[in-house]
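Here are a few notes on the pockets, for you to read alongside the model.

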Amino acid sequence: MSTIALALIPRAVALNLAIGAIVAALKLPVYLDSIGTVLVAALAGPLAGVITGVTSNLVLGMLSSPIFIAFIPVTAVIGVTAGIASRVGAFRSVPRALVAGVVIGLLAGATSVPIVLALFGGVTAGGTGIVTIVLRALDLPLASAALIASVSVDVIDKMLSCAIVAAVLARLPRRIGARFGLPHPAA
Amino acid sequence: MIARLRRINPLTAVAAAVLLVAMTYVVPPPVGPLVAVTLSFMLAAMTGAGRRVAVLAAAVAVPTWGFLVVMNALVAPEGETVRVAGVAFAPGALVPAAWISLRLGAAVAALGWVVMTTPPQRLVRALAQRGLPAWSQYLLAASLAAVPEARRRAGEVLDAQRCRGLAAGGGPLARLRATLPLAGPLMVSLVTDAERRAIALDARAFDARGERTSLAEVADPNEERMLRMVMWGASVALVLWGFVR
């Protein structure tokens with residue numbers, strides 16, 4: 001891994017944690033807490049993406065609540081999928097990035113379900129949990145309700161994250177893109 | 001004893017927490033989680049973090065119990081139901097919800113004790129002494145240090161864009177449109193800052209191989225190393241027992 005990728009990862013981890021201030025100010029119904037992971041994966045590839053995701057949840061576990069450590073596999077999946085998506089040019093335009101966001105959201109949501117079922121009994125205390133309860137009220141089995149709730153929230157969240165990352169990459173100075181081995185990220 | 005506990009090597013604390021988490025999830029409830037949560041609170045109280053650890057554990061366990069009760073006892077009642085104020089209620093769902101929440105609370109209390117009583121930089125130094133690669137040390141330490149700076153910068157970007165007339169209200173679409181002007185500058189500044197940091201790292205021979213010296217050593221007495229080995233062994237034995245029983 002290049003030194004610039006290594007230097008970017010801590011800033012991306014901090015971005016994952018700090019973006020909450022902007023999300024709260026805009027009262028958005030999403031988290032965007034993987035946006036730094038997607039950014040690093042788009043610039044520096046799947047390995048850097050995985051390292052960013054894992055480090056984010058370790059740091060969150062240390063600074064906020066240890067429960068985030070249980071979701072490390074989810075952030076690793078986000079990092080590797082976003083990195084692979086970048087390799088096939090998914091961040092060259094916003095529409096392509098939206099498609100990548102759907103794929104990342106599906107995989108992230110599916111990865112989180114076994115963790116939620118095993119540790120939380122299928123429901124987390126929050127927006128996703130409310131969706132799960134509503135789906136259970138519609139007689140869906142617990143695993144299906146948890147999967148649909150998790151995937152639907154994650155798909156919207158990752159679509160927005162990927163679209164923002166694609167828009168930011170298009171605005172990056174060419175010199176910076178070149179340092180990550182890209183002629184120009186938006187080219 | 002208490003003074004010794006306060007100076008414990010962070011890796012010993014991590015080993016103890018992992019053993020308590022293993023006990024929580026392998027030993028059937030209520031014994032496993034109750035013993036684990038009691039020991040965690042005792043450790044936390046002896047190191048001056050009892051109240052904070054209790055709040056942290058309750059913040060996860062209590063809402064989870066509430067959501068589980070609403071889902072399994074009211075919305076989609078499982079098992080026999082009784083009528084309470086005209087609403088079907090499954091009292092049998094209360095106990096399983098309590099065990100799930102107790103396990104969560106116990107695991108959070110065990111790990112929370114380590115988090116609340118161990119300065120992260122000390123944990124990174126202790127890991128470095130045990131052979132953690134330099135790049136991993138940098139990632140953990142720099143990430144922890146970068147969080148307050150990123151939060152400050154996010155606040156600055158918010159203030160600056162509000163001064164330029166950015167409206168953070170309106171419908172969902174308007175708020176979504178406002179995301180890029182807020183997140184964009186923050187992200188671009190973090191990437192350009194990374195380039196400056198990379199030059200600084202290269203200038204300090206970050207890639208150089210060989211052993212590095214630390215200015216602050218974390219004490220790691222032999223008896224603690226022995227204790228750690230016993231605790232790691234017990235954790236592995238518990239997990240194996242959980243698989244075979």
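1. α7(A) gives the largest share of the lining of the largest pocket, six residues. Helices here are DSSP runs of H or I with at least four residues, numbered from the N terminus. The model is predicted, so to speak for the record: local features need pLDDT of at least 70, side-chain atom pairs count only at pLDDT 80 or more, and totals for chains, interfaces and linings use all residues. Residues are numbered from 1 along each chain, chains are lettered from A, and side-chain values use heavy atoms, without hydrogens and water.

2. The largest pocket holds about 1100 Å³ of space. A pocket is an open set of points on a 1 Å grid where a 1.4 Å probe fits, with protein on both sides within 12 Å along at least five of seven lines, and lining residues have an atom within 4 Å of a point. The volume is the space filled by probe spheres set on the points.

3. Among the 47 lining residues of the largest pocket, Tyr31(A), Asp33(A), Phe68(A), Phe71(A) and Thr124(A) are closest to its centre. By class, 23 are nonpolar, 19 polar and five charged; Gly counts as polar, and Tyr and Cys as nonpolar.

4. The second largest pocket has a volume of about 800 Å³. Its lining has 32 residues, with Leu58(A), Pro66(A), Ile69(A), Val14(B) and Leu111(B) nearest the centre. Of the lining, 29 residues are nonpolar, three polar and none charged.

Methods: Helices (H or I, at least four residues) and strands (E, at least two) are DSSP runs, numbered from the N terminus.
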